[in-house]
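Trainee: Hi, could you walk me through this one?
Mentor: Happy to, here it comes.
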Amino acid sequence: MPRTKSLATLIQYYGENRYFKPRQSKIPLVYKILNSQIFNKKLKKPKIIIKRIHGALGYFEFNPYATKYCHKITLHNKYRNFKEFAEVLGHEMVHYYQKLILKQNTAKHNKDFYKFKKKFKKLGLNLKRVYK
């Protein structure tokens, strides 16, 4: 992985024609880039888990009764390419923003969710409701 703070450099480095398997050690860098460029460093670091998921590429969970981590992002263990991984992580971060900053009871795909579409576009990413 290149030593960079640019998402475009990472997308170019990994390419669009090969699968990407995220590792726990590499996620903080991508999270930090997305947090600074999309969310103005407003998000704290939630617990992020990588595991095989059926029917989804990622999801955000909120558990108000948890003692340590009440916000959790779970990511699939394999993506078509790095760009898809960055889009899914960013998508789940928008849900996290809705819950943490906007204090919404449900972090759904509503108008507040789609307000981030332009910021994603500036980074060369797509913000969609479903990733296939």
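Mentor: First, a term: a salt bridge is a side-chain nitrogen of Lys or Arg within 4 Å of a carboxyl oxygen of Asp or Glu. This is a predicted model, where local features need pLDDT of at least 70, side-chain atom pairs count only at pLDDT 80 or more, and totals for chains, interfaces and linings use all residues. Residues are numbered from 1 along each chain as its sequence is written, and side-chain values use heavy atoms, with hydrogens and water left out.

Trainee: Okay, how many salt bridges does the structure hold?
Mentor: There are three. In one of them, the side chains of lysine 72 and glutamate 61 meet at 3.4 Å, N to O.

Trainee: Which strands do lysine 72 and glutamate 61 lie in?
Mentor: Lysine 72 is in strand E3 and glutamate 61 in strand E2 (residues 58-62), so the pair ties together parts that are eleven residues apart in sequence. Strands (E, at least two residues) and helices (H or I, at least four) are DSSP runs, numbered from the N terminus.

Trainee: And is lysine 72 buried, exposed or partly exposed?
Mentor: Lysine 72 is partly exposed, at 27% relative accessibility, and glutamate 61 is partly exposed at 32%. Buried means under 20% relative accessible area, exposed over 50%, and partly exposed in between (1.4 Å probe, protein chains only).

Trainee: What does glutamate 84 form a salt bridge with?
Mentor: Its partner is arginine 80, with the closest N and O atoms 2.8 Å apart. Glutamate 84 is buried at 7% relative accessibility, whereas arginine 80 is partly exposed at 46%.

Trainee: Which side chain meets lysine 115 in a salt bridge?
Mentor: That of aspartate 112, at 3.3 Å, N to O. Lysine 115 is exposed, with a relative accessible area of 58%, while aspartate 112 counts as buried at 18%.

Trainee: Back to the strands: where does threonine 74 lie?
Mentor: Threonine 74 belongs to strand E3, which covers residues 71-75. This threonine 74 is buried, with a relative accessible area of 1%.

Trainee: So what is threonine 74 in contact with?
Mentor: Leaving aside neighbours within four places in sequence, threonine 74 is in contact with Ile49, Lys51, Ile53, Gly58, Tyr59 and Glu61. Contact means heavy atoms within 4.5 Å.

Trainee: New topic: where is lysine 122 found?
Mentor: Look at helix H5, residues 117-122. Lysine 122 is exposed, its relative accessible area being 75%.
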